[in-house]
Amino acid sequence: MTACIWAMSLPAMSAKADLADLTQFVNNLKTFRASFEQVQPDEALFQQNRASGYFVLQRPGHLRWVYESPEPQQIVSDGVNVWVYDEELDQVTVQSLNRVEADFPLSWLLYREPLSERFNILAGDKKEGVSWYNLQPKQGTFFQSLEVAIKGGQLVQIWMYQNADNVTKVAFNNIAQNEPIQPEQFQFTPPKGVDVIGQVQP
C-alpha cells in the first residue's frame, strides 16, 4: 500500500509547465530591475567563473547590464546603440543595436513580439512553483538555446547554452517588475580619455 501512495504523490512533485505563464510574462513586461548572480564555466581552468551586478530594462530597446564583481563592466542599450564599457581596459565599444540584436541572448526581452516568431518553445517541468522553458532560435545565433525560469509571473533564471559544455547561468534577485525607471539609466557618455571603438548611430 505504501508503494501505491508514493506513486500517486509523484505528479504533485513535478508537473508540466504551463506555456501560458511564459506568454503572460512576455506580454505584460514593461520594465524589469534586479540584481543578478552569474556562473560561467572556464574550460581552460576547469572551474566556474562567478560574477554579480544588476540589470535594468525598459521596453522598447533599453537595457543596462552592469557587472560590479569581479571586474567592473557596463553594457548599455539606448535603443539605437549598444555600448560596452570595460573599465579595466579603459575602452568603450559601440555598435548598432540592429547589428548585434540577433546574437544578444536577452534581445527577446527588449520588444513586444511573440516569442514564437523567433523561437521554438518547449515547456519543461514545474517544480516548487518554478516553470522552466526551452527556447531554441529559429535562425542561427552564437547560442544554441535558452532555458528560462518563471516564478510568480517573474523571470527568476536564464541559462544560455553555447553548447552542452558551455552554459552561462544567471539567477535574478530583488526583482522589481513594471515599476517606473528613470530614463537616465539608459544614457551613456564615454568617460574622458577612454578609447572608443566603433561608429555611433544617430
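The questions and answers below go through salt bridges, aromatic pairs and a pocket in a predicted model.

Reader: What makes aspartate 21 and lysine 126 a salt bridge?

Author: The nitrogen-to-oxygen distance between their side chains is 4.0 Å. The rule asks for a Lys or Arg nitrogen within 4 Å of an Asp or Glu carboxyl oxygen, so the pair counts. The structure holds four salt bridges.

Reader: Where in the chain do aspartate 21 and lysine 126 sit?

Author: Aspartate 21 is in helix H2, and lysine 126 is in strand E8. They are 105 residues apart, so the pair links distant parts of the chain.

Reader: Why is aspartate 21 called partly exposed?

Author: Its relative accessibility is 24%. Buried needs under 20% and exposed needs over 50%, so aspartate 21 falls in between. Lysine 126, with 34%, is partly exposed as well.

Reader: How do you know that arginine 33 forms a salt bridge with glutamate 179?

Author: Their closest N and O atoms are 3.5 Å apart. Arginine 33 lies in strand E2, while glutamate 179 is in the loop between strands E12 and E13. The two are 146 residues apart. Arginine 33 is partly exposed at 29%, and glutamate 179 is partly exposed at 39%.

Reader: Is glutamate 101 buried or exposed, and what makes it so?

Author: Glutamate 101 is buried, because its relative accessible area is 17% and the limit is under 20%. Its salt-bridge partner arginine 118 has 21% and counts as partly exposed.

Reader: What makes glutamate 101 and arginine 118 a salt bridge?

Author: The N to O distance is 3.9 Å, which is within 4 Å, so the pair qualifies. Both residues lie in the loop between helix H3 and E8, and the pair ties together parts 17 residues apart in sequence. Salt bridges with shared partners join Glu101, Glu113 and Arg118 into one network.

Reader: Why is the pair of phenylalanine 32 and phenylalanine 55 called tilted?

Author: The angle between their planes is 45°. Stacked needs under 30 degrees and edge-to-face needs over 60, so this pair is tilted. The centres are 5.7 Å apart, and a pair needs centres within 6.5 Å, so the two rings do pair. Phenylalanine 32 is in strand E2 and phenylalanine 55 in strand E3, 23 residues apart. Phenylalanine 32 is buried at 2%, and phenylalanine 55 is buried at 0%.

Reader: What makes tryptophan 65 and tyrosine 67 edge-to-face?

Author: Their planes stand at 70°. That is over 60, so the pair is edge-to-face. The centres are 6.3 Å apart. Tryptophan 65 is buried at 6%, and tyrosine 67 is buried at 16%. Ring pairs link both into a cluster with Phe32, Phe36, Phe55 and Phe172. The count of aromatic pairs comes to 12.

Reader: How do you know that lysine 169 lies over the face of tryptophan 159?

Author: Lysine 169 is 4.1 Å from the ring centre.

Reader: Which residues lie nearest the centre of the largest pocket?

Author: They are Tyr67, Ile75, Phe104, Pro105 and Phe142. The lining has 20 residues, and the pocket volume is about 480 Å³.

Reader: How many residues of that lining are nonpolar, polar and charged?

Author: There are 13 nonpolar, six polar and one charged. Tyr and Phe are among the residue types that count as nonpolar, so Tyr67 and Phe104 belong in that class.

Notes:
Residues numbered from 1 in each chain as written. Predicted model: local features only at pLDDT ≥ 70, side-chain atom pairs only at ≥ 80, totals over all residues. Heavy atoms only, no water. Helix = DSSP H or I, 4+ residues; strand = E, 2+ residues; numbered from the N terminus. Buried < 20%, exposed > 50% of the residue type's maximum accessible area, 1.4 Å probe, protein only. 1 Å grid on protein atoms, 1.4 Å probe; cavity = no way out; pocket = protein on both sides within 12 Å on 5 of 7 lines; lining within 4 Å. Points joined across faces, edges and corners; volume = space filled by probe spheres on them. Phe/Tyr/Trp six-rings, centres within 6.5 Å; stacked < 30°, edge-to-face > 60°. Lys NZ or Arg CZ within 6 Å of the ring centre and 35° of its normal.
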